[in-house]
Amino acid sequence: MASRVIVPERQRDGVFAGKLKPKAAEGNNRRAALVDIGNLDTKRVGGDAGKQQQVTRPATRRFGAVLLANAQANAEKKNKVSNPVAKKAVVKPKQEPVIGAGAEEAKKEKPNTQKSSRKKKVQTMTSVLSARSKVACGLSDNIVDIDAGDIDNQLAAVEYVEDLYNFYILAESSSQIPDYMDSQNQINAKMRMILVDWLIQVHNKFELAPETLYLTIYIVDRYLSTNVTQRRELQLLGISSMLIASKYEEIWAPEVKDFVCISDKTYTREHILGMEKSILAKLGWTLTVPTPYVFLVRFVKAAMADKEMENMAFFLAELGLMQYAVVMFRPSMLAASAVYAARCTLNKTPPWDKTLEIHTGYTGSQLIDCAKLLVSFHAGVADDKLRVVFNKYSSPKRSAVALLAPAKSLLAS
């Protein structure tokens, strides 16, 4: 019968806690020591010396790494590798309760996660920002989510429409037109008004997009603010500006020969292309700017406007384009003032609500001055010689909003 080696417990770092004092044995001391090193122990079962039972005992990482390094050349670091012999010796039933408990907890947590994700409401960027603004400003809950109906419309860009308009607000400051008329020797505000009136007529003749008109007026003002222009070149500036804006905004832009014809051949092809080159050089090829039209589309939507109110807002905005006095206002303020004046003209109550205040960034009191100017233009447009805008919005196609009485209550206030 082989004698049993008594081995003291090992510390976790693989160092013996005490001295090893084996008993004398006949030939099996070496095997008994290896059995103990292999994380195995022998116990007699039922008095039978031939039967042995394996009991799990924690293996040292250092010695396990040595065994694995001998069996596997490309082993990982010694302190990260488990002993494969020990894995074989581990009795699986002892670990099953731990695994089972974890599995049951995972099963219990998984349905709750699914239920919470199903109940989670998808919010638009507008609703999130509106909620934050309400909390910060202490506003009431009467703010309408104007993008709720466009969630499934990919062209509406509901996810980042608020970020776009936040960028427009920042960009309009750098593209603001300064007061330039005093620097012009041969051009005055009346000449500019005549030019814009004619450009609106050309815009209607070619049936161009609204974006093209607003960008054309911006290019004209930006060029005049950076370059002294002769009176004989003012119409040429307008033609070339519309050509550039058409190339930028239109799918099918008018050709140069069309502008030669519309100017009654006052300018040649070389004149127009030469002015186009001069304009782009002065502007530094910067054409991506937020015009009043960009803000008008958003603010009209925030006003929940019908067709009549929409036409009224655009009518007042185009009257503002003709007047040099409106150049001092930012594009967003001009657009917001047009909506404010349109609501006052159509007797909408209240003239300015929390939804408009949130989406425009302006209060009603901030828009009074610009709105009064627009209403005064409306009051005098019927008797003015420059009637292109008046005739344009007097047609039933545009709800004949030019024929409506101006908001005298706004002028009186």
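Reader: In which loop is the place of V381?

Author: In this predicted model, residues are numbered from 1 along each chain as its sequence is written; local features need pLDDT of at least 70, side-chain atom pairs count only at pLDDT 80 or more, and totals for chains, interfaces and linings use all residues. Side-chain values use heavy atoms, with hydrogens and water left out. Helices are DSSP runs of H or I with at least four residues, and strands are runs of E with at least two, numbered from the N terminus. V381 is placed in the loop between α16 (368-380) and α17 (388-392).

Reader: Does V381 count as buried or exposed?

Author: Buried means under 20% relative accessible area, exposed means over 50%, and partly exposed lies in between (1.4 Å probe, protein chains only). V381 has a relative accessibility of 5%, so V381 counts as buried.

Reader: With which residues is V381 in contact, leaving aside its neighbours within four places in sequence?

Author: A contact means heavy atoms within 4.5 Å. The C-alpha atoms of V381 and N391 are separated by 9.9 Å, with the two residues 10 apart along the chain. Once neighbours within four places in sequence are set aside, the contacts of V381 are F315, L319, R387 and F390.

Reader: How many helices and strands has the chain?

Author: Of the 413 residues in the chain, 39% are buried. Among the contacts with a separation of 6 or more, 72% are between residues 24 or more positions apart. As for elements, the chain has zero strands, while its helices number 18.

Reader: At what angle do α13 and α16 pack?

Author: Two packed helices are described by the angle between their axes and the distance between the axes. Axes are lines fitted to C-alpha atoms, for helices over the stretch in contact, and angles run from 0 to 180 degrees between N-to-C directions. The axes of α13 and α16 are 9 Å apart, and the packing angle is about 90°.

Reader: Which residues does C370 contact, leaving aside its neighbours within four places in sequence?

Author: C370 lies in helix α16 and, at 1% relative accessibility, counts as buried. V326 is 44 residues from C370 in sequence, and their C-alpha atoms are 7.6 Å apart in space. Apart from neighbours within four places in sequence, the contacts of C370 are F329, M333, L334 and S337.

Reader: Which residues make the contact of α8 and α12?

Author: The axes of α8 (residues 210-226) and α12 (residues 292-302) come within 8 Å and cross at roughly 135°. The two helices are therefore oblique to each other. The contact is made by P210, E211 and Y214 of α8 together with, from α12, P292, Y293 and L296.

Reader: Which element gives the largest share of the lining of the largest cavity?

Author: The lining has 21 residues, with I177, D221, P292, L321 and P331 nearest the centre of the cavity; lining residues have an atom within 4 Å of a point. By class, the lining has 13 nonpolar, five polar and three charged residues. Two or more residues come from each of α8, α13 (307-322) and α14 (331-345). The largest share, four residues, is given by α8.

Reader: What value has phi of E207?

Author: E207 is in the loop between α7 (189-206) and α8, and at 71% relative accessibility E207 counts as exposed. E207 is a residue other than glycine, yet its phi is positive, near 55°.

Definitions and conventions:
Parallel < 35°, antiparallel > 145°, perpendicular 65-115°, else oblique. 1 Å grid on protein atoms, 1.4 Å probe; cavity = no way out; pocket = protein on both sides within 12 Å on 5 of 7 lines; lining within 4 Å. Nonpolar A, V, L, I, M, F, W, Y, C, P; charged D, E, K, R; others polar.
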